[in-house]
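Thanks for coming. I will go through one structure today, starting with strands and ending with charged side chains. Please have the sequence and the model open.

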Amino acid sequence: MRKEGSMRFVVLVGILIMVLMPCVFSLEQGIHLVRPITTYIESNLSVPSYLSLEDITFIACLEEENIPLQLSVICIDDNDFEDLVSYPWGDSNCQIGSINLEDFSCTHVRLSAEYEMDGENNRMTQDVLVSKYSKVLDKVLSSQYSDGGWRTTKDTTYGIWALSHFPKIFDYEIDQAMTWLKLERNEEEKCFPQSPCNVPLTMEILAILTESGFDDARRVVNDARNWIENKQFYYQQEDMWTVEVESPVDNAHFVLVAKDKDLLDTNFSLPNNTARIYNFTATMDSTIYVISHDNFEGVIYDKYGIPMYRYTGNNLTYKINGACWSTNKKGEPCDERTTAYASLLDLHKPNIREAKRYMFSAVNFSDIVGAYFGSSEDVIGSSMFLATMYNMSETEYIADYTPYMERFDYMDEGEQYDRYIYELRNWILFMQNNEGSWGDDNASINEKAYHTAHGVLGLLYSGMNRSNEPITDAEEWLSDMEDYLTINDTVALGSAFYVLENYARPMLTSVPGVVVVDNAEVTFSLFNPTTFNLRELSYNLSGELPAYITIDEKETISSYSYRSVQISRKATPTGSVEGYLTVSNLGEEVAKIPVVVADYPFLNITSEDTLTVFGKRGTIRLQAKKSSHAFTCRMVWDSGEISSDQTVQITSGSASLNFVFSQPETKEDLYKGTLTCTAGNDDYTFPISVYVTRYSSYPLTLSPQSIYINSSSEHPVFYIKNNLDSDLSPDITIEAQATGYFEVVDSINLNPNEERNVTLHNLVPDNENFTMTFSIGVEAFGKKETIPVVVDITYTPKRSLGLVGLIIMLFIIFLVLGVGGYYGYIYRQRLKNLFTSKTDTSIQEMLVKNMQELDKIKTEDQTDSILNMVRLLNFQKKPDNEVKDTLLKYFTYAEVRAALVRGNMVVRGFESEREEQNEPHKS
């Protein structure tokens, strides 16, 4: 929909006054947005709308002087917030700050300025909406062919529609597409496609080109409009038409000739090859009847003698349509959608007036809600009819179309006109799907995008704006669905971008958001995060800035790129000078960057608001926006639990503030204080507030300090100790290069002060040399400890006998068996006597000796088990009483003491002999 020039001028003047006020007048108390002056930004929205790649820059002003203001942005979605670095602005108590929305992912943002007055905290706010930047134009541009067109003439038309929102930027692409359309017309009739011409397609192409801002100055539009006008079944009400009947046989008998119920002739005969002509007034929806006993030929002519209908037979019935368009020949049944598209065209007034008369007659009132034109399933016809109403003055309606409002004849004409719009709009709203689209539930996303664009178009023509819920619902649905639109369906893409027109536009963002010129030369970055190639850029400095600085201008900034821009100071102001650097592209502003020229010390500090501390000492990271001066700062805390004795030197954009607690504790609390910084004779104070989660000690201890592995069968163990008096769940990781060769559990749960052993599983194959260094990491509460691991495995293959050795070994075995068998056979009687002479007594002696040997082995194993357990408990630094109790769970006092004596070890509690415990130990 094209906006009227006068209204746009008023809006632009209003925006101009609002944005320039900081440079001319003292701002009133409150929050004031700083934005480029451009027709690309919708200015009549109830809540200001920004894009997800945009800078939000705003000024907060307070009437009272010398009261600090803290600027921040709050995400209403999740209550996340970010404090902003702000700068003094103007002579009043104002601060200016900026944030890039790409760094602050949120859809509903609240700008805030907090201050303290009379002991109370106060806040000024301004809400803004943030929309996802649309990439539909990227798909449109990437699918345009080198010859200028898209896939079909219809696709090309919708591609032009998308690009026409930015005609200056895409002038070349649009001209190429219009040239391609011109070459793809029918050569003789100048319609679409090349062969054969199609009335509905040509009408839709004309309507979308008209909506894109093209008129008869383009041959494509002018020629096609002339062709489409000639295809209209055009006549004026009460025109005098004729019906001619001719007899091909002798004495053909006719029953009647009539118009509706008016008889024009009855019961007559015609000789061979003779004719009769009857005149009648052409009235919409009237019917001509010719009934005969014999076949005849009939022709109906308009007032110019042009044949509208030809017939051969014995029963002619012809209904006179309105001044509509059919899908093929004029005079055939009307096609509502084709006729509805005509309402957007700049046709001759008599033609369009009669077409509107037909459309009014074809409106149906729904049984549920509202009224519709055309099909009860198709929103396109009704939406175009709403455009018809918009393009029609109320006076014109009263003069020409009141007869079609009999339903509301109890109203005066003006009320009837408003009611008609109300009924049509209500039906379109009723047809909107719950998620915001139009179209059948089973339709594809591409088809729904096509119908949704027409639904939005009708609502916008009817007087709605993009703040109204039905349109915002459609925008949000298409914004969510745009990634699923098919890239080669430019009809869907062009339709989608009509809905998402406010979701993409050329812009530049700057880093930093507010440029402070406090040196002879300052460099900042201009980013182009969009698909638009910005050329012919111009730069303008407002207020007194041109007297103090110059800009190294960059004429072009390509899509998705950035340029570094240098500002040079040519004079030093007394105090500071503020103003804007405005960057324009082809006459439209794309960036408005606050600039502060200052030579006095300037400092703004932000700090972390949450912190975790182990033990007594901690550090707060400070971020500083400052002049080139060096600042010396000292921190004074409100609580006696915490102190910072040393000074902090701030010479760059960051610094660290150390602090110490009087004693280690496990608790959570909010600690506040004041940081006072000095440069020359000027002091700057900043409130510091940090919520600290404290733990009495470092969370964990690892042992051993390193691990060495020299065997593929070795599975080393390391130990993790929880030093806290609360449960701990550390995460355990190994470096990526060790994955597949070594495994370890991901995490463990440790009770307060508990120590746990963890096995590093060795998966290295046992038949290869392997060398590697990596580390095991154990992390808890953001604190990570590591154990370096060195692996050096050398594989030593077992020596094989070989074939000759195997033969020799088998020969020796057979030789021994043969000799043994020979002598066994010779001395078989002696061997028998030797074994049978053993007495029962000798056998008993052998059994006793074997049992003694077994007891000796068990004693040695038990000794080793006791000594190893003592070594493990000592390694774990268990106290003596715990070591003693643990040993007595499994062994008797005597067993432990005997083992300690054998191993030459001492454990407190086992220094002297005592009587054996009666109870058996656990095995």
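How many bridges join strand E26 (residues 603–607) to E28? The answer is 5, and the two strands run antiparallel.

Before more of that, a word on the source. This is a predicted model, in which local features need pLDDT of at least 70 and side-chain atom pairs count only at pLDDT 80 or more, while totals for chains, interfaces and linings use all residues. Residues are numbered from 1 along each chain as its sequence is written, and side-chain values use heavy atoms, with hydrogens and water left out.

Back to the strands. Helices (H or I, at least four residues) and strands (E, at least two) are DSSP runs, numbered from the N terminus. Two strands pair if DSSP finds at least two bridges between them.

Now look along E28 itself, residues 617–626, where the side chains alternate. Gly-618, Ile-620, Leu-622, Ala-624 and Lys-626 point to one face and are buried. Buried here means under 20% relative accessible area, exposed means over 50%, and partly exposed is in between, with a 1.4 Å probe and protein chains only.

Next, a helix. Helix H8 covers residues 349–361, and its 13 residues should span 18 Å at 1.5 Å a residue. The expected span is 1.5 Å times one less than the number of residues. The end C-alpha atoms of H8 are 18 Å apart, which agrees. Among the buried residues of H8 are Ile-352, Glu-354, Lys-356, Arg-357 and Phe-360.

On to the aromatic rings. Rings of Phe, Tyr and Trp (its six-membered ring) pair if their centres lie within 6.5 Å; planes under 30 degrees apart count as stacked, over 60 as edge-to-face and the rest as tilted. By this rule there are 36 aromatic pairs. One of them joins Phe-296 and Tyr-311, with centres 5.9 Å apart and planes at 55 degrees, so this pair is tilted. Phe-296 is in strand E14 (residues 287–301) and Tyr-311 in strand E15 (residues 307–319), 15 residues apart. Both Phe-296 and Tyr-311 are buried.

A second pair is Phe-614 with Tyr-698, where the centres are 6.1 Å apart and the planes at 55 degrees, so it too is tilted. Phe-614 is in strand E27 (residues 610–614), whereas Tyr-698 is in the loop between strand E34 (682–695) and strand E35 (700–703), 84 residues apart. Phe-614 is buried at 11% relative accessibility, while Tyr-698 is partly exposed at 32%. Elsewhere, ring pairs link Tyr-40, Phe-166, Phe-170, Phe-497 and Phe-532 into a cluster.

Rings can also have a charge over them. That is counted if NZ of Lys or CZ of Arg is within 6 Å of the ring centre and within 35 degrees of the ring normal. Arg-35 has its charged end over the ring of Tyr-50, 3.7 Å from the centre. Likewise, Arg-694 lies over the face of Phe-661, at 3.7 Å from the ring centre.

Last, salt bridges. A salt bridge is a side-chain nitrogen of Lys or Arg within 4 Å of a carboxyl oxygen of Asp or Glu, and the structure holds 28 of them. Glu-204 and Lys-154 form one, at 3.4 Å from N to O. Glu-204 lies in helix H5 (residues 199–211) and Lys-154 in helix H3 (residues 153–163), so the pair ties together parts that are 50 residues apart in sequence. Glu-204 is buried at 7%, and Lys-154 is partly exposed at 25%.

Asp-552 and Lys-554 also meet in a salt bridge, at 3.2 Å from N to O. Here Asp-552 is partly exposed at 36%, and Lys-554 is buried at 16%.

Finally, Arg-694 comes up again, in a network of salt bridges with Glu-641, Glu-665, Lys-667 and Asp-669. Within that group, the side chains of Lys-667 and Asp-669 meet at 4.0 Å, N to O. Lys-667 is partly exposed at 23%, as is Asp-669 at 30%.
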